[in-house]
Amino acid sequence: MARNMTLLWGSGSPPCWRVMIALEEKKLQGYNSRLLSFDKEEHKSQEVFSINPRGQVPSFKHGDIIVNESYAACFYLESQFKSQGTKLIPDSPEEVALMYQRMFEGLTFYDKLTAIIFYEYYVPEGERLDSALKRHKDALTMELKLWEGYLHNRDSGSNLAGKSFTLADVVIFPTVATLFRFGLSEKRYPKLGEYYALLRERPSIKASWPPHWLENTKGQDTLKDI
């Protein structure tokens, strides 16, 4: 069933990871997986542009159907394979509402994380402004406090929208994992740390763990002071 699916992806990219977790949860292993190198700019290759005119990953194709945006791909997989694997949209209206709320708040969460990471990655050290970096860090700190509060109000061992693992967890966990990869303190954000520890052992997440994170487990300290 998955043999007519193709996913072009990059290691450590949260948008790519979202789709990979969804594929694992829906028992769609065996798809055509193409790991591309960001350092070699393989995501700007003709292979990618033939699927995704934006020259971005993930680039996902199912037969003749192309779905490139990560949220859209996750929704597509759940809608097309409802009865297969994990049910990723709960039945309870309250949980569905919370799932959607957290999912789309997750886009802001991810943007505030990448604002810092991309600033340090793309802006030469001599051109960086302390005021800009402080602004990005303050914005992420406020966002982290929101998510820490959301998880504080959930039962211990709960996922983002309730007891069930849902699309909210599929799309948010890669952001949380990236935060800790870049040095976020689990002592300072214990509920986020608890959530990270809860899900990092989930089979779908372990199976799709970024390869270069496995090769180098140390990570970075960009967020250690946040």
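Is glutamate 41 buried or exposed? Glutamate 41 is exposed, with a relative accessible area of 52%, where exposed denotes over 50% relative accessible area, buried under 20%, and partly exposed the range in between (1.4 Å probe, protein chains only). The structure is a predicted model, in which local features need pLDDT of at least 70 and side-chain atom pairs count only at pLDDT 80 or more, while totals for chains, interfaces and linings use all residues. Residues are numbered from 1 along each chain as its sequence is written, and side-chain values use heavy atoms, with hydrogens and water left out.

The chain contains nine helices and four strands, assigned as DSSP runs numbered from the N terminus (helices H or I, at least four residues; strands E, at least two). Their order from the N terminus is β-α-β-α-β-β-α-α-α-α-α-α-α. The radius of gyration, taken over C-alpha atoms, is compared here with a globule rule of 2.2 Å times the number of residues to the power 0.38. The value for the chain is 18 Å, close to the 17 Å that the rule gives for 226 residues, so the chain is as compact as a globular protein of that length. The C-alpha trace spans about 50 × 45 × 30 Å along its principal axes. The accessible surface of the chain, computed by the Shrake-Rupley method with a 1.4 Å probe and, for residues, with only the protein chains shown as cover, comes to about 11,600 Å². Carbon and sulfur atoms account for 50% of this surface. Of the 226 residues, 50% are buried. Contacts are defined by heavy atoms within 4.5 Å; among those between residues at least 6 apart in sequence, 72% join residues at least 24 apart.

A nonpolar core is a set of buried Ala, Val, Leu, Ile, Met, Phe, Trp, Tyr and Cys residues joined through side-chain atoms within 4.5 Å. The largest such core has 67 residues, and those with the most contacts inside it are Met5, Leu23, Phe60, Leu77, Leu144, Val170 and Phe173. Two or more residues are contributed by each of strand 1 (5-10), helix 1 (14-25), helix 3 (70-80), helix 4 (93-122), helix 5 (130-152), helix 6 (167-181) and helix 7 (190-199). Helix 6 supplies the largest share, ten residues. When neighbours within four places in sequence are set aside, the contacts of methionine 5 are Leu23, Leu28, Tyr31, Asn32, Phe60, Lys61, His62, Leu77 and Phe81.

Helix 1 has twelve residues and reaches 16 Å from its first C-alpha to its last, close to the 16 Å expected at 1.5 Å a residue, the expected span being 1.5 Å times one less than the number of residues. Twelve of the twelve residues of helix 1 are buried, so this helix is largely enclosed by the rest of the structure.

Most residues other than glycine have a negative phi, and most peptide bonds are trans. Lysine 27, in the loop between helix 1 and strand 2, has a positive phi near 60°. Lysine 27 is exposed, at 53% relative accessible area. Glutamate 41 likewise has a positive phi, of about 55°, and is found in the loop between strand 2 (32-36) and helix 2 (46-49). The C-alpha atoms of glutamate 41 and methionine 99, 58 residues apart along the chain, are separated by 34 Å. A cis peptide bond, with omega near 10°, joins valine 57 to proline 58; proline 58 is placed in the loop between helix 2 and strand 3 (59-62).

Proline 58 is also one of the residues in contact with asparagine 68, which lies in the loop between strand 4 (65-66) and helix 3. Asparagine 68 counts as buried, at 15% relative accessibility. Beyond its neighbours within four places in sequence, asparagine 68 is in contact with Ile51, Asn52, Pro53, Pro58, Ser59 and Phe60. Polar atoms of its side chain lie 3.1 Å from the backbone oxygen of isoleucine 51 and 3.1 Å from the backbone nitrogen of phenylalanine 60.

Leucine 107, in helix 4, is partly exposed, with a relative accessible area of 34%. Leucine 107 and tyrosine 71 are 36 residues apart in sequence, and their C-alpha atoms are 9.6 Å apart in space.

Definitions and conventions. Polar contact = N/O pair within 3.5 Å; in protein donor to acceptor, adjacent residues only side chain to side chain.
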